[in-house]
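Below is a brief report on one structural model.

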Amino acid sequence: MAEVNEGAAAPSARSDYSRYPGTFKPPAILIQRAWLRRTLWIAALVWLVLALSTIEVNWVRVAEGMERGWRFIKGFLTPDFTSRWKDISAGLVESLTMTMTSTVAGVLLSVPIGIGAARNVAPSVVYYLCRSIIAVSRSLQEIIIAILFVTMFGFGPFAGFLTLTFATIGFMAKLLAEDIEDIDESQTEAVRATGASWLQLINYAVQPQVMPRLIGLSLYRLDINFRESAVIGIVGAGGIGATLNTAIDRYEFDSAGAILLIIIFIVMLAEYSSGFVRKWVQ
Amino acid sequence: MNTTDTVPVWQHRTTGKRLLIWFGWLLLVALCVYSWQLMTRDTIWAFVADAPRQAADLGSRMFPPRWSYIEKLWMPLWDTLNIATLGTLLGVVIAIPVAFLAASNTTPSKVFVRPVALFIIVASRSINSLIWALLLVSIIGPGLLAGIVAIGLRSIGFVAKLLYEAIEETDRLQIEAVTATGASGAQILNYGIVPQVLPAFYGISVFRWDINIRESTILGLVGAGGIGVQLQASLNTLAWPQVTMIFVVILGTVVISEWVSARVRHAII
Amino acid sequence: MSGPAFRSTHTLLEVSQLSKTYAAGDKALDDVSFSIPAGQVVGLIGPSGAGKSTLIRCINRLVEPTSGTISLSGTNITGMSTSELRSVRRRIGMIFQEYALVERLSVMENVLSGRLGYVSFWRSFTRHYPKADVQKAFALLDRVGLIDHASKRADALSGGQRQRVGIARALEQDPELLLIDEPTASLDPKTSRQIMRLLLEICNEQHLPAIINIHDVVLARQFTERLIGLQAGRIVFDGSPAELTESVLTRIYGEEDWTTLDHETEAA
């Protein structure tokens with residue numbers, strides 16, 4: 001009997017719902033003030049219209065280009081490795097040697113600079129000097145550095161080597177310095193308490209904590225340097241980029257496709273093997 | 001272990017492992033020396049020796065910068081910002097479906113679709129935006145459009161990679177709960193997955209926008225619009241004071257965009 | 001919708017010869033059969049790893065059973081295609097151990113997500129739910145004492161509050177059956193009791209049958225009218241709390257486990 005009563009009670013409870021609001025607006029996620037949100041939306045819309053209107057597109061040229069685009073896709077699918085193989089292999093050797101030497105040189109140089117840029121182990125004069133080297137290296141793009149180095153050292157992979165080394169220093173030294181600043185203070189203190197010299201301190205307390213990540217970062221930078229080495233050739237700093245530039249200039253899209261596939265392949269290989277090495281180091 | 005008559009030696013690695021590590025280092029050094037010789041085979045050392053003089057010469061030509069040149073840089077700067085922003089938008093719009101196709105928990109087929117999506121990501125990531133620009137200028141002609149598409153193509157891989165990793169890291173229990181209510185596939189995506197990856201998505205997009213600002217400043221070197229066009233023209237005419245001025249503007253833009261990106265990301269997280 | 005009074009006369013859930021073997025070869029469920037009449041609250045007890053969680057997940061097919069049949073009010077669930085499954089899942093409300101709220105959505109969106117099986121994608125995407133659904137959601141939030149928190153984000157709530165939202169979400173589905181997976185395992189003892197009491201009140205009010213998967217024997221005895229004991233994937237006990245003697249508990253939990261559990265019971 002009780003069951004029947006409750007069964008009858010349920011619909012009446014349902015009719016009570018009418019006293020609750022029937023609409024709900026989910027709260028705004030980012031910007032709470034409605035007027036600000038609306039203003040920003042309108043501003044974004046105005047910008048979009050303005051930006052799109054300033055693009056001047058030569059549709060005749062684009063239509064013409066569609067045929068070339070199709071040829072590029074075909075070239076990418078049926079790459080031609082053979083007819084320009086001499087240029088490709090020369091460019092590839094330059095790129096790979098440049099990558100290898102500049103990563104090693106860059107990492108070696110970034111170690112003292114990174115240590116110097118760590119607030120907890122370096123005196124303040126050294127700290128500011130190293131930090132400014134890092135800032136300059138990081139804010140200048142590889143291409144811009146390459147332009148300057150090519151002007152100073154002449155065309156060819158040597159300028160490319162210097163460019164990539166310089167860029168590596170900024171990248172590695174910053175991350176290394178942050179790592180050193182993050183290390184466990186109690187370990188440095190323990191070593192310091194034994195009366196260790198500054199060099200011993202670095203060797204015993206800092207190096208073991210930072211080393212695995214340093215190796216991992218070096219491998220990552222190796223990958224980046226290879227990709228960059230394919231670009232700086234465009235401004236004359238050697239490497240596969242120069243070969244690619246020529247191929248595209250001559251509309252030899254099948255050779256260009258071959259070069260791009262080689263680049264993709266090497267990047268994949270580097271990524272795969274660096275994962276392997278990183279696991280092995282740990 | 002050690003009796004008194006043998007000299008106790010403390011080692012933290014076994015002999016075999018130590019040998020292997022030494023051998024590895026030796027190999028690295030050999031490879032490096034070999035690479036160096038190959039690379040510098042055609043280097044003309046006279047030019048290198050001349051470099052300090054060249055540098056001094058270059059320095060004297062570059063300074064002071066031609067400040068008045070800035071009047072001609074406003075419009076290219078506007079173009080550069082538009083290339084970066086529109087390119088980021090384009091890349092992000094394409095990257096979203098690619099990321100969902102690549103994530104192992106949302107892909108419709110692990111055997112056919114996922115490898116294709118992963119290849120798109122690798123291809124896009126391996127090729128620098130300047131190379132994309134080079135190609136596009138040759139295909140559709142010089143101008144802003146080539147720059148925007150180049151930035152977009154390069155951004156796909158970057159955004160899609162980080163996004164699909166975020167999708168794979170979502171909490172499975174929340175998705176299970178939404179599934180249990182009888183939600184359809186699209187609703188599970190909308191209620192279970194999207195809210196979890198949205199902050200990561202905003203962060204990634206702003207981060208890429210910041211990188212794209214840097215990259216779009218030089219696309220003009222190959223004719224893809226923006227301030228790089230002025231840079232190329234000034235370099236060709238050896239107008240070094242103008243080059244310096246352009247560097248100053250680029251540096252300023254990069255610093256500002258980095259600041260904006262850091263602020264926005266901080267606000268989101 | 002035809003009224004609980006009608007349903008009370010027939011078997012609501014029928015599970016027969018249900019087995020589940022995972023890909024790794026572990027046999028989680030072995031020939032499990034039982035039925036639940038409308039309005040009955042059943043406690044599912046057993047040591048961890050006995051297959052409790054697998055069993056309730058088989059009922060709404062979050063876990064795919066290997067063999068056997070499950071039917072809800074006469075509809076066979078086990079034979080359904082994925083698209084038909086949607087209409088059955090919405091009839092079964094589920095409450096989770098770790099609340100499983102969508103953390104970054106508001107409390108109200110979480111409750112309304114109980115209607116996902118009923119509304120179109122577009123409606124759910126734009127959050128324009130039918131008026132009756134929204135009113136019901138507010139009413140349920142009021143019932144569990146959280147109406148003032150409707151616009152808060154789910155991750156801003158405490159554990160007990162989140163579980164209340166989880167209950168409201170399940171009830172928003174207008175379920176015919178509740179599956180409740182360790183509702184108190186992540187909560188402190190006091191909140192655990194409050195949540196159990198609330199669940200029982202609601203089940204009684206709405207004449208709603210439920211399967212509560214619970215490892216705390218004391219709570220299970222106190223709050224349910226029927227207990228099913230699971231051990232290594234098999235049913236070893238099915239009866240009222242009064243019938244759950246020490247020897248039965250030994251059969252479910254094993255000798256050693258039971259003595260430690262006994263101490264806990266005395267302490268509590």
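## Chain B against chain A

In this predicted model, 44 residues of chain B are in contact with 46 residues of chain A. On the chain B side, the elements that give two or more residues are helices, among them H1 (15–39), H4 (74–102), H6 (129–140) and H11 (240–268). H6(B) supplies the largest share, 7 residues. By class, the chain B side has 31 nonpolar, 10 polar and 3 charged residues.

## Confidence

The model scores ipTM 0.84 and pTM 0.82. For chain C, the mean pLDDT is 84, and 91% of its residues reach 70 or more. Two stretches of chain C have pLDDT below 50. The table gives their contacts beyond near neighbours in sequence.

| Stretch of chain C | pLDDT | Contacts in the model |
|---|---|---|
| Residues 1–8 | below 50 | 15 contacts |
| Residues 258–268 | below 50 | 7 contacts |

## The sheet in chain C

Chain C holds an open sheet of 4 strands in the order E2-E1-E4-E5, with antiparallel pairing. Which strands form the edges? They are E2 (27–37) and E5 (75–76) of chain C, and each pairs on one side only. Strand E1 (residues 11–21) of chain C is joined to E2(C) by 7 bridges, and the two run antiparallel. Val15(C) stands opposite Phe34(C) in E2(C). Strands of a sheet pair through backbone hydrogen bonds.

Notes:
Residues are numbered from 1 along each chain as its sequence is written. Chains are lettered from A and ligands numbered from 1 in the order in which they are written. This is a predicted model: local features need pLDDT of at least 70, side-chain atom pairs count only at pLDDT 80 or more; totals for chains, interfaces and linings use all residues. Ala, Val, Leu, Ile, Met, Phe, Trp, Tyr, Cys and Pro count as nonpolar, Asp, Glu, Lys and Arg as charged, and the others, Gly among them, as polar. pLDDT is the predictor's confidence in each residue, from 0 to 100. Two strands pair if DSSP finds at least two bridges between them.
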